[in-house]
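Open the model in your viewer and keep the sequence panel at hand. We will go from the whole chain to a single side chain.

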Amino acid sequence: SWMHSSAALSTTVPAAAQRLAEGACLRVMCDMSGGLPLEHWKMRLVKRLDASPWQALRAVGKEGGLGAYWRGTPAKLVEGSTGGAMLLAGKEGAMYFLKSTPTLSR
């Protein structure tokens, strides 16, 4: 009945919002703890193919100090949080669909 589906929807909306928040937080934590500095290092290696990994690591630091490894943080926060939120929400949506489909839930 529509009452049953409405009750199920009201319990899944808070769960979906929680998954969006969890996904956003997880992705931002990954980016800030090591992903962003490693990304800057990797891009330096790609840009200067003649440099060794250690030369590229030092070059990033020489250009802007320790903060150079976290350059672009605001943009990465927006991109990472929305991407992480969508990834976890999509996973939850797929799990909900699979559990609600009689053929696939067995």
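What percentage of the residues of the protein chain count as buried? Of its 106 residues, 19% do. Keep in mind that this is a predicted model.

**Whole chain.** You will find three helices and zero strands. Along the sequence the pattern reads α-α-α. The protein chain exposes about 7,600 Å². Carbon and sulfur atoms supply 70% of that area. Next, look at contacts between residues with a separation of 6 or more. Residues 24 or more positions apart account for 60% of these contacts.

**Helix 3.** Select residues 73-100. This is helix 3, with 28 residues.

**Buried positions.** Stay on helix 3 and show side chains. Which residues here are buried? Pick Thr73, Gly80, Gly84, Ala85 and Leu88: these are buried in helix 3.

**Surface patch.** Now select Met95, Phe97 and Leu98. They form a nonpolar patch on the surface. Together they have about 270 Å² of accessible area.

**Phe97.** Phe97 lies in helix 3. Its relative accessibility is 49%. Exposed would need over 50% and buried under 20%, so Phe97 counts as partly exposed.

Conventions: Residues numbered from 1 in each chain as written. Predicted model: local features only at pLDDT ≥ 70, side-chain atom pairs only at ≥ 80, totals over all residues. Heavy atoms only, no water. Helix = DSSP H or I, 4+ residues; strand = E, 2+ residues; numbered from the N terminus. Expected span 1.5 Å × (residues − 1). Buried < 20%, exposed > 50% of the residue type's maximum accessible area, 1.4 Å probe, protein only. Patch = residues over 30% accessible without salt bridge, like charges linked within 9 Å, V, L, I, M, F, W, Y side chains within 5 Å. Areas by Shrake-Rupley, 256 points an atom, 1.4 Å probe, with all protein chains shown as cover. Salt bridge = Lys/Arg side-chain N within 4 Å of Asp/Glu carboxyl O. Contact = heavy atoms within 4.5 Å.
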